[in-house]
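Let's take a walk through a protein chain together, starting with its strands and helices and ending with its charged pairs. Keep the picture open beside you as you read.

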Amino acid sequence: MRRLSCLIAVVCSLALISRSWAADAERTLRTELSKGLAQGMPSITFAIATRQGVIWSGAVGYADLTNRSRAHPGYLYGIGSITKMFVACVIEQLIDEGRLSLEATGRELLGEAAVAGIPNADRATVRQLLDHTSGVPSWEFDSEWIRHGRGAAMNIDHIWGKTEALEYVRSGRDTAANEPGAGYGYSNSNYTLLGLIIEQVTGHDAVAEIHRRILAPLGLDDIRFEGFEAVDASRLPSRYHFGTEEFLRDAGMHSSFRRIDRRLIDVSRSNLSTEWTAGAVLATATDMALFARALRDGLIVAPPGLKRMESFKPTDDKDEDMGQGLALDRYGQERLIGYTGNVLGFGAAVGWVPGEDVVIALMTNVGAMHAGDSAYYPEKLLKDTRIIAAARALARELAPKLLPPPEVKPNVF
């Protein structure tokens, strides 16, 4: 009896130690996340997923700086260019279904009128659009679009059409970055064109197709395209942007913007409709972590397609290699396979740690586009802190051990 009592005491002690270690790991993670608040991020929401699901989610900071309302994981944050992951997944599915070729060109798929006047859009292939080697100029960097899409000349209540942003690169102000396939140049235009290609090949609205093929099968209800479907406004945090000299020079101060402090301006009246399939998604960190986990585990794109997505090549950023709708990012000694995003009012990063069962999603309600190097964005936060290491430590403490790998059954359409 005494031996049994001793055994029970040892088991209880080990359980207490494990809980203590988990609590320490969570405190470390929150401390590391809070370092972003000191750099001007109003709030940060974060989620960690493993094979067992989302094992931790939380938020630090304020959803609204004026009324000091706290952020929480149920808010929907803009993810910017991470939207491109969803588009790339559908394109890879269509390729695996034999309905689309990586070597098909914009002219062949969309017709002459759709690509007319857009440098390289007629000759660039699906492969080159996916990995940003098309040379098609980005509407995001057009000087006029910056002011109309994110700055002083915005029509604040306007919901942009799907192809409206492309008109800014038909103007003749912007030239091709390179011959198709001859170099790397990040371009939002690539994924606007890919959204149009999804609609042309499937005969369905691109947002509806993303829901049908990806979000609905996975039960991800908290991923929405702003401007293209209903969004619960009560679940949106206020939006802020770094109001630097560069931003005010290039984008300008819209009459609806309001300066909060020396760093931030409130841009909450804006919307993401101008981004469409290049960056219009709002989501919770929880659903984004589950999406990335499903992609990693082969539940969205079959192994051949995922291998194409992970065909990483160097870019003009020494810390990032680009594949087809996926990037390999280096944060000091840490690595993430996923994507980052930055738009007016929001910034985000999502990805999985190679070789480990850890997926993270991080979002903040402040944007840094067009704001120069002094602005603070998620990539800087991940480089400057031990957030990824803290997430790995917490996952080790919270995730059940020695479970069999999940059965992989990719979606088939």
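Helices (H or I, at least four residues) and strands (E, at least two) are DSSP runs, numbered from the N terminus. What you see is a predicted model, in which local features need pLDDT of at least 70 and side-chain atom pairs count only at pLDDT 80 or more, while totals for chains, interfaces and linings use all residues. Residues are numbered from 1 along each chain as its sequence is written, and side-chain values use heavy atoms, with hydrogens and water left out.

Let's begin with the strands. Two strands pair if DSSP finds at least two bridges between them. An open sheet is formed by three strands in the order β4-β9-β5, with antiparallel pairing. Its edge strands are β4 (77-78) and β5 (223-225), each of which pairs on one side only. Two bridges join β4 to β9 (residues 281-283) in the antiparallel sense, and here G78 stands opposite L282 of β9.

Now find strand β12 (residues 327-331). Is β12 mostly covered or mostly uncovered? It is mostly covered, as five of its five residues are buried; buried means under 20% relative accessible area, exposed means over 50%, and partly exposed is in between (1.4 Å probe, protein chains only). A327, D329 and Y331 point one way from β12, L328 and R330 point the other way, and all are buried.

Two residues lie between the strands in the hairpin of β12 and β13, where G332 takes a positive phi near 65 degrees.

Next, look inside. In soluble globular proteins, nonpolar side chains tend to be buried together. A nonpolar core is a set of buried Ala, Val, Leu, Ile, Met, Phe, Trp, Tyr and Cys residues joined through side-chain atoms within 4.5 Å. The largest such core here has 130 residues, and F46, I48, I91, V126, I197, M288 and L295 touch the most other members. Helix α2 (residues 83-96) gives the largest share of this core, nine residues. Leaving aside residues up to four places away in sequence, M288 has contacts (heavy atoms within 4.5 Å) that include I79, F86, I223 and M363.

Some rings also meet. Rings of Phe, Tyr and Trp (its six-membered ring) pair if their centres lie within 6.5 Å; planes under 30 degrees apart count as stacked, over 60 as edge-to-face and the rest as tilted. By this rule there are seven aromatic pairs. F228 and W276 make a tilted one, at 6.5 Å centre to centre with 45 degrees between the planes. F228 lies in the loop between β5 and β6 (240-242) and W276 in the loop between β8 (264-266) and β9, so the pair ties together parts that are 48 residues apart in sequence. F228 is partly exposed, at 24% relative accessible area, whereas W276 is buried, at 1%. Ring pairs also link W139, W145, W160 and Y168 into a cluster.

Finally, consider charge. A salt bridge is a side-chain nitrogen of Lys or Arg within 4 Å of a carboxyl oxygen of Asp or Glu, and the count by this rule comes to 32. R269 forms one with D157, their closest N and O atoms being 3.2 Å apart. This pair links distant parts of the chain: R269 is in the loop between β8 and β9, D157 in the loop between α6 and α7, 112 residues apart. R269 is partly exposed at 44% relative accessibility, while D157 is exposed at 57%.

Where do R213 and E209 lie? Both are in helix α8 (residues 206-218), four residues apart, which is about one turn of the helix.
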